[in-house]
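Good morning, and thank you for coming. I shall take one protein model and walk through a few of its parts in turn. Please keep the structure in view as I speak.

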Amino acid sequence: MNIHESHDTIFEDPRITVIPRQDTLPASGASWMDAIIQSKFAVFYRKRIKKHRLLRSVVLIAMRIFFKTNGYLSKKKYKLIKQNIYAQLTGARLEVAPSYKTCNPRPSIFPSRAIEELGIKSYYKYEMPPAYISVIEDALVFAGTGIIVKDLNAIYSDSINIKKEIVFEEYRCYTRFCWDYQFASWFLPTKWALEIPEAASFTDTASANFAHWLTEILPKIVLFCSQPQFKDVPLILNDGLPASILESARVAAGPERRLYLLSSRYSVKVGRLHLTSSVGYAPAGSRGKRGNNFVEGHFNGHALRQMRHVMHTAAADFPHCGERLYLRRQSSMRSLLNNDEIEKILEEQGFTSIDTGQMSFLEQVAAMAGARWIVAPGGAALANLMFCKPDTNVVVLAAAKRENAYFYWDNMARPFDVKVSFVLGASKDHDIHADYQINPADLLDALSQR
């Protein structure tokens, strides 16, 4: 099955409902931000400006000034409260995965001199608390955000440190935090398009990104749907998700469960909302200079393993693509400049090149499950490493930047005993999104060291 066939099959599913229907759009569903997001300038920014550091900074500063001005003029403020605090107040909490604690040594780096040059630390340790499901009565669920509004409360993830970390909702201009981080202005329309008696929400801001989806959202869906008492509870997801992501949601939810797809900038009111706590987290950015305590990706290994088991079972009959795979990256940012040269070298080493963007989700799972070696430029598709067998070698190609999260992929791989190493290359400028070039000798060293 190719990705286009998968997309057609999913949207013929009668158990999927898009909210709102196009013939019943409420007048309050759009705002000034829609005009900006859908404008020709926004398209031009994503294609031409975003990859240039200086120009990107100018646009973002102008947007933030405009955004803050609107925030100060907003009269209605919502009190910020973490999900676990709200769950303690209501007493509604069901634990579904234990806590996860780990201390991971630094992955192998090629060339080795980059360790000292970039100041890459020798280990990374963290602890994820137990995952749980809480209940919120008469809650507002919005497309494109995991923040839930209940009366004048804005309930957000336990993993977020809003004083130190920027959240994706700020980049999307959905909210602005007040100076004391106790309250927030809210810019999404609060007039709901539909009222649902009971549902579970998984409308996180970064859900369209494959890596964030696999590590932060899909495991939560698996945990929720594994509870028999919730077998008839529908799920709320974002509309417009890539077909492979929606396919994975259907696998996790099962064939009979109803899915509501919530369109951008719309909300629904849910009489009894089930909210699964954080099982994975990587912040959108830092409010100040990044320090040694910046979160490079925290994951609950127990939740990730349960998700992998479900997906492995569903993909058991799909064919493998070979034991040595190179994952091509199709992106206008962080491009590998000498990709053709690297691909030829890998072909000589027995590697098969694949484009996961042209594969269905379960085809990707099967491909990873059958591999013993993976080489790939850093990118969202690399999150598929979670479906590899133990002791599989994963070589990440990336630019040599101090700002890179060198433990992100390693933290993701450790629960599965997958071995991660990095081959770092030079880039022409200091921007984290800059294109780069890999030295073939360093790649061959990485392939020979395992």
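This is a predicted model: local features need pLDDT of at least 70, side-chain atom pairs count only at pLDDT 80 or more; totals for chains, interfaces and linings use all residues.

I begin with strand β22, residues 373-377: five of its five residues are buried, so the strand is largely enclosed by the rest of the structure. Buried here means under 20% relative accessible area, exposed means over 50%, and partly exposed lies in between, with a 1.4 Å probe and protein chains only. Strands (E, at least two residues) and helices (H or I, at least four) are DSSP runs, numbered from the N terminus.

Residues are numbered from 1 along each chain as its sequence is written, and side-chain values use heavy atoms, with hydrogens and water left out.

Which residues cover the two faces of β22? On one side are Trp373, Val375 and Pro377, and on the other are Ile374 and Ala376, all of them buried. Strand β22 also has partners, where pairing requires that DSSP finds at least two bridges between two strands. Strand β20, residues 324-327, runs parallel to β22 and is joined to it by three bridges, with Tyr326 standing opposite Val375. Strand β23, residues 393-399, pairs with β22 over five bridges, again in the parallel sense, and here Trp373 stands opposite Asn393.

Let me turn to the helices. Helix α10 (residues 301-314) packs against helix α12 (residues 361-369) at an angle of about 100°, with the axes 9 Å apart. The axes are lines fitted to C-alpha atoms over the stretch in contact, and angles run from 0 to 180 degrees between N-to-C directions. That makes α10 roughly perpendicular to α12, a term for angles of 65 to 115 degrees. Met311, His312 and Ala314 of α10 meet Phe361, Leu362, Val365 and Ala369 of α12, contact meaning heavy atoms within 4.5 Å.

In helix α8, residues 210-225, we find Thr215. Thr215 is buried, at 0% relative accessibility. Its side chain reaches the backbone oxygen of Ala211 at 2.7 Å. Leaving aside residues up to four places away in sequence, Thr215 touches Val279, Gly280, Phe299, Leu304, Met386, Tyr408 and Met412.

Next, some points of backbone geometry. Most residues other than glycine have a negative phi, and most peptide bonds are trans. Arg265, in the loop between β15 (259-262) and β16 (267-276), has a positive phi near 70°. Asp417, in the loop between α13 (408-413) and β24 (419-427), has a positive phi of about 55°. Are these two residues buried or exposed? Arg265 is buried, with a relative accessible area of 2%, whereas Asp417 is exposed, at 52%. The peptide bond from Phe110 to Pro111 is cis, with omega near -5°, and Pro111 lies in the loop between β5 (108-110) and α6 (113-118).

Finally, the protein as a whole. Its secondary structure comes to 14 helices and 25 strands, and 54% of its 450 residues count as buried. Among contacts between residues at least 6 apart in sequence, 78% join residues at least 24 apart. Thank you for your attention.

Key
A polar contact is a pair of N or O atoms within 3.5 Å; within protein, one must be able to donate a hydrogen and the other to accept it, and residues adjacent in sequence count only if both atoms are side-chain atoms. Angles under 35 degrees count as roughly parallel, over 145 as roughly antiparallel, 65 to 115 as roughly perpendicular and the rest as oblique.
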